[in-house]
Amino acid sequence: MSQASTICDLPTEILLIIAHHLDAFSLIWLQRSCQLFRGTIPSPTHLELMEAETTRFGLQNDLYACRDCLRLRPRAKFADKMVKKKKAKLRDNATERWCVDCGLNPRPGTNRYAAGNIITILEEPYVICLECRIFREAALENGQPLAVCQVCRRFTRAIEERAEAERARRERARLRAEQAERRARRRETWGSASDSDEIIPPSPTWSEEDMEMVQAEAAMYMNSPGAGSD
């Protein structure tokens, strides 16, 4: 009794002909079916992946094609700028799209993300930190993302707060020293209120002296004898 043949028994030439008539998803599933096909069946081209992302399955699962790794990947694997406007599906520059992983680990000869770049994914800012060079959630200040990660920013903020506290302490010490110096100069120049028992009244003003002269003249006039008196 002859043994039943399977698709794995087909010659490579026949397998390649079959693969030529398959769409991108069928090629991917066939490649993943066994180790033999992984090395035999060719991977989908970039153009085939671009067509696959606009199929019903691609739209339902929100899949996007990456030009570098030549894979269909979920939306969360791409920066927001890579799937919007001119790089959205069916747009002119959609073929220029690459995933975050390929941007962080670029192929030789390509320019992708660099340290300090802020990468927004699903409206959440991430950054290749300028301090530690690790891809992490970006620190925020006044609602704006910084070019450092949250971990490094917490560390630098603690250093800044300690430095500010030290500056404030030195400023208070300087003000206290200046105040003490002013008090010492006043004591040296004027002395304290208890150093002298003599209290010098303030000198009268010109208006008070004039008033006293007028009052004296009026009193002399009233006390002088009237006309025709003895």
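Begin by selecting Pro-106, which is found in the loop between α6 and β3 (118-121); helices (H or I, at least four residues) and strands (E, at least two) are DSSP runs, numbered from the N terminus. Residues are numbered from 1 along each chain as its sequence is written, and side-chain values use heavy atoms, with hydrogens and water left out. This is a predicted model, in which local features need pLDDT of at least 70 and side-chain atom pairs count only at pLDDT 80 or more, while totals for chains, interfaces and linings use all residues.

Pro-106 has 36% relative accessibility and therefore counts as partly exposed; buried means under 20% relative accessible area, exposed over 50%, and partly exposed in between (1.4 Å probe, protein chains only).

Now select Arg-107 and Asp-68, whose side chains meet in a salt bridge (3.4 Å, N to O). The pair links distant parts of the chain, with Arg-107 in the loop between α6 and β3 and Asp-68 in the loop between β1 and β2, 39 residues apart. A salt bridge is a side-chain nitrogen of Lys or Arg within 4 Å of a carboxyl oxygen of Asp or Glu, and by this rule the count comes to 15 salt bridges. Arg-107 is partly exposed, at 41% relative accessible area, whereas Asp-68 is buried, at 8%.

Move to Asp-80, in the loop between β2 and α6 (100-104). Asp-80 counts as buried, at 7% relative accessibility. Its side chain makes a polar contact (a pair of N or O atoms within 3.5 Å; within protein, one must be able to donate a hydrogen and the other to accept it, and residues adjacent in sequence count only if both atoms are side-chain atoms) with the side chain of Arg-75, at 2.5 Å.

Select helix α2 (residues 24-31) next. Why is α2 largely enclosed by the rest of the structure? The reason is that 6 of its 8 residues are buried; these are Ala-24, Phe-25, Leu-27, Ile-28, Leu-30 and Gln-31.

Finally, select Arg-174 and Glu-171, which both lie in helix α7 (residues 150-190), 3 residues apart, about one turn of the helix. Their salt bridge has its closest N and O atoms 2.4 Å apart. Arg-174 is partly exposed at 37% relative accessibility, and Glu-171 is partly exposed at 34% relative accessible area.
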